[in-house]
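Colleague: I am new to this structure and would like to learn how to read it. Could you walk me through some features, one at a time?

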Amino acid sequence: MFTDFKIVEGRPLTVQVKEYLKQWITKGKGRVDQKLPSTRELSTMLGISRNTLVTVYSELEEEGFIYTVHSKGSFVSRVGIASVPSWSLDWQQRLNDTAKQAVDLDLMKRDLRGEKGMINFASIAPDEKLFDLTNVKRAFLDRMALEGEILLNYGYAKGYKPLIQYLTGYMETKGVDMEGKDILITNGFTEAYDIILSSLKVPCRHILCENPTHHTAIKISKLHGYDITGIPMDQDGVRLDLFEQALKENDFGLAYLTPSYHNPTGIVMSAEKRVEVLRLLAEHRIPLIEDGFNEELRYSGSHMAPLAAFGGEGNSIIYLGSFSKILFPGIRIGWIAADRELIDALVSVKRSRNIHTSTLDQAVLFQYFHNGNFEKYLKRAKSEYKRKHELAVRCCTEHIPCERITGSGGLHLFIELSQGLNAREILADCYRQGVVYTAGDVFFTDGGGANTLRLGFSRVSDDELRRGIEIIGKEVTKRLEAQR
């Protein structure tokens, strides 16, 4: 009895023993009315102090797991878990089409994943070594000291008011006219996009976007029953001739565009194209969802205002923002900036789903901004990512024979190999040598992109970056030579 109890270092012993005995009782190892060893006996059996066990027995009795009979000892209570006939079913047969489609589109289950010790170019998360932990801790303590009791209670579906006010000013510094507009705080981009698609009534469930585009946007769009048409891209954004042609030939309910440091290509849409794209969408009366992905990670060139800024006083643009690729993705703070009446409705949708985004996370992020740490962190992060970006471009140019490399900012490069090459097949060869990247076909709306790949450089060391790119280059060269 009790021979499988193991002590875990760094955790209160009283808690460990109590949890162990609770499980022993609830799993039926201890029969109802079975006498437990005395605290002295159990102390010897487990090798722990009797005082600890006196406390544990007292708390278990208080919680109704055991009872004590004077002069006789402690016994197992009836805890309400009875033995009933059990049965099983095949849950795969009970999944609806949405769940099955979500599984099919789930990259984490379908694609090769980087294992420990591998050179992992698949991630485009920020480098945690750059995280400003000291000031994050200070922000946490500052905010908890000011209103800790409030932050640990329920919050508001719309979001934490000081953060909303900060983000309103933040959008205005980007040139966005926030008159008549408002902000809803979300759990990152994913919830924001999902809430919008599930809330809008559109004349046609057909979305116009870039090709390639963000895989998560493709996935959510399909799960909501939308068809997707992607427009090929030049070095400065979508091809306007094809964009205009698609608008003339098809009906669209929405457009979804990532104009700055596009995922996955890293391309920045030119100011001229931004004006023309918005003119065409206005002409055809199509609302736009703008993804502000990686907007802050600009390494060169002049500031490019978001499409929402070009939209002026109009309310047809829904802007989605997130700090996940700049600051701390674990906090999962994103936002929707849009027409005030639309935000009011989206607040109710969010409340019906998850009540609100963590108020504590929002408050800590606000305090971090309020303390003036964001600009300092961003300056340091941009300097490091720019250096890595330049190193990645040099290495790819030197080692990987390709048709095109794009990505003038952000945390990744997009590489287009020669036609006829299959980046997924090359990935399998690289994987055996300890290198993983993201095959580009998952970003294409039309089944194309077999000869493309996305290379995330943010979390790999310089040595790994050089070595990994050299391995990829050698495998690409082998395939090219085999074609000749």
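Colleague: Let me begin with helix packing: at roughly what angle do the axes of helix 15 and helix 17 cross?

Modeller: First, a word on the ground rules. This is a predicted model, in which local features need pLDDT of at least 70 and side-chain atom pairs count only at pLDDT 80 or more, while totals for chains, interfaces and linings use all residues. Residues are numbered from 1 along each chain as its sequence is written, and side-chain values use heavy atoms, leaving out hydrogens and water.

Modeller: Helices (H or I, at least four residues) and strands (E, at least two) are DSSP runs, numbered from the N terminus. Axes are lines fitted to C-alpha atoms, for helices over the stretch in contact, with angles from 0 to 180 degrees between N-to-C directions. Here, the axes of helix 15 (residues 373-399) and helix 17 (residues 462-483) cross at roughly 25 degrees and come within 9 Å. Angles under 35 degrees count as roughly parallel, over 145 as roughly antiparallel, 65 to 115 as roughly perpendicular and the rest as oblique, so helix 15 is roughly parallel to helix 17.

Colleague: Which residues of helix 15 and helix 17 make the contact?

Modeller: Contact means heavy atoms within 4.5 Å. From helix 15 come R387, K388, L391, A392, C395, C396 and H399, and from helix 17 come D462, L465, R466, I469, E470 and G473. For residue classes, Ala, Val, Leu, Ile, Met, Phe, Trp, Tyr, Cys and Pro count as nonpolar, Asp, Glu, Lys and Arg as charged, and the others, Gly among them, as polar. The contact of helix 15 with helix 17 divides into 6 nonpolar, 2 polar and 5 charged residues.

Colleague: Is helix 7 roughly parallel or oblique to helix 14?

Modeller: The axes of helix 7 (residues 161-173) and helix 14 (residues 359-370) cross at roughly 45 degrees and come within 9 Å. That angle makes helix 7 oblique to helix 14. P162, L163 and Y166 of helix 7 meet Q362, F366 and F369 of helix 14, a contact with 5 nonpolar residues, 1 polar and no charged.

Colleague: Now the cysteines: how many disulfides are there?

Modeller: A disulfide is a pair of cysteine sulfur atoms within 2.5 Å, and by this rule the count is 0. C396 is in no disulfide either, with the nearest cysteine sulfur, that of C395, 7.0 Å away.

Colleague: Is C396 buried or exposed?

Modeller: Buried means under 20% relative accessible area, exposed over 50%, and partly exposed in between (1.4 Å probe, protein chains only). C396 has 0% relative accessibility, so C396 is buried. C209 is buried too, at 2%. K18, in helix 1 (residues 13-26), also counts as buried, at 16%.

Colleague: And the backbone: which peptide bonds are cis?

Modeller: Most residues other than glycine have a negative phi, and most peptide bonds are trans. Cis bonds here include the one from N211 to P212, with omega near 10 degrees, and the one joining N263 and P264, with omega about 20 degrees.

Colleague: Where does D33 lie, and what is the phi of D33 near?

Modeller: D33 lies in the loop between helix 1 and helix 2 (39-46), and its phi is near 70 degrees, a positive value. D33 is partly exposed, at 46% relative accessible area.
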